[in-house]
Amino acid sequence: MDTSCSCQTCGKYFSTANAYTNHLQSKKHREAAARQDKCLTVDVQQLNTKIEGKMKNAAQSNNEMQGDPRVASSFGDMEASGGVSDKDIGN
Ligand SMILES: [Zn+2]
């Protein structure tokens, strides 16, 4: 089956290239293509909004971790041990 004469936008198949070309130039196809472009744009915007929401949630959980005194003290230990190893390398 030759799929080169099919319009995936409209889900239509054409037996001749001429009929396919005529369809691409038709108002019906242009309207369908415009509608599909619009839908894709909306999907991308919704996706970006979801990603932004996840990033905000991640930032909030990071703040909560730093606010936890146990986590803060362990961070301090890591910095102290890191400073010692730096001196060792210097010698
Ligand atoms: Zn079409």
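Q: Is Tyr-13 buried, exposed or partly exposed, and why?

A: Keep in mind that this is a predicted model. The general idea is to count neighbours: 20 or more other C-beta atoms within 10 Å make a residue buried, and 12 or fewer make it exposed. Tyr-13 has 13 C-beta neighbours inside 10 Å, so it counts as partly exposed.

Q: Where does Tyr-13 sit, and what is it in contact with?

A: Tyr-13 belongs to strand β2, which covers residues 12–13. Skip the neighbours within four places in sequence, and Tyr-13 is in contact with Cys-5 and Ser-6.

Q: Now a helix case: is Ala-32 buried, exposed or partly exposed?

A: Ala-32, found in helix α2 (residues 27–67), is partly exposed, because 16 other C-beta atoms lie within 10 Å.

Q: Which residues does Ala-32 touch beyond four places in sequence?

A: Those are Thr-9 and Cys-10. Take Thr-9: Ala-32 is 23 residues away from Thr-9 in sequence, yet their C-alpha atoms are 6.8 Å apart in space.

Q: What share of the chain is buried?

A: Buried residues make up 0% of the 91 residues.

Notes:
Residues numbered from 1 in each chain as written. Predicted model: local features only at pLDDT ≥ 70, side-chain atom pairs only at ≥ 80, totals over all residues. Helix = DSSP H or I, 4+ residues; strand = E, 2+ residues; numbered from the N terminus. Contact = placed C-beta atoms within 7 Å.
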